[in-house]
Amino acid sequence: MQRKLLVPLFAVMSVFTTAGNLEDCTKAAGTFLSGTVVKGPTFKPGSYLNGVELSHTHLQLNAEQDGKTYEVAIDNVFAAGYDSAGESVPTSLASISVGTRLGLCGLRFPGGIHWVHTNCGETPNSQHPDGWVKLLDANNQAGESLTGKQEYCRLWSSKRG
């Protein structure tokens, strides 16, 4: 009997947790997506800015919101392990695999989402949200952002007005 009561309770808790993530992302001027990784992370080389490679990690996420699969482009400079990654996925992002559940806040583009990282303390807006990539546990609780590292924010500080 108790087990039958717990299932609806967990479903309600999941909705509230997702609603909290959605609300936080809306405040950060982003679009929220959550779902399951269907294609694991791959490294994509990038151009250089002041001697720093702006590489990316790409993965695919099947979104819970609409059942569609989205390309996720993650800027590596905002991930822990970037400095030692070389031409590979940073360690914090390499832990993501097929079946991992993620919560994303960022900027949507046709077929995908990017800008899923800190905006370096700037006031968020629709083109520069204060985004994130967070692991979601079995209870839909989000962990800390995997893309909140601010060491390289200096690369853009003089470019925004």
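User: Let us begin with Cys 105: is it buried or exposed?
Analyst: Cys 105 is buried, with a relative accessible area of 0%. Buried means under 20% relative accessible area, exposed over 50%, and partly exposed in between, using a 1.4 Å probe and protein chains only. Please note that this is a predicted model: local features need pLDDT of at least 70, side-chain atom pairs count only at pLDDT 80 or more, and totals for chains, interfaces and linings use all residues. Residues are numbered from 1 along each chain as its sequence is written, and side-chain values use heavy atoms, with hydrogens and water left out.

User: Which residue forms a disulfide with Cys 105?
Analyst: Cys 25 does, and the two sulfur atoms are 2.1 Å apart. A disulfide here is a pair of cysteine sulfur atoms within 2.5 Å. Because Cys 25 lies in helix H1 (residues 2–27) and Cys 105 in strand S6 (residues 101–109), the pair ties together parts that are 80 residues apart in sequence. Helices (H or I, at least four residues) and strands (E, at least two) are DSSP runs, numbered from the N terminus. Cys 25 also counts as buried, at 0% relative accessibility.

User: How many disulfides are there in the structure?
Analyst: The structure holds 2 disulfides. Cys 120 is joined to Cys 153, with an S to S distance of 2.0 Å. The torsion about that S-S bond is about -80°, so this disulfide is left-handed. For Cys 25 and Cys 105 the torsion is about 90°, so theirs is right-handed.

User: A change of topic: where is Tyr 82?
Analyst: Tyr 82 is in helix H2 (residues 82–85). Its relative accessible area is 11%, so Tyr 82 is buried.

User: And what does Tyr 82 touch?
Analyst: Leaving out residues up to four places away in sequence, its contacts (heavy atoms within 4.5 Å) include Val 52, Glu 53, Pro 90 and Tyr 152. A polar atom of the Tyr 82 side chain lies 2.6 Å from the backbone oxygen of Glu 53.

User: What about Asp 75; which side chain does it join in a polar contact?
Analyst: The side chain of Asp 75 is joined to that of His 56 by a polar contact of 3.3 Å. Asp 75 is found in strand S5 (residues 69–75). A polar contact is a pair of N or O atoms within 3.5 Å; within protein, one must be able to donate a hydrogen and the other to accept it, and residues adjacent in sequence count only if both atoms are side-chain atoms.

User: Finally, how many helices and strands does the protein chain have?
Analyst: The protein chain has 3 helices and 9 strands.
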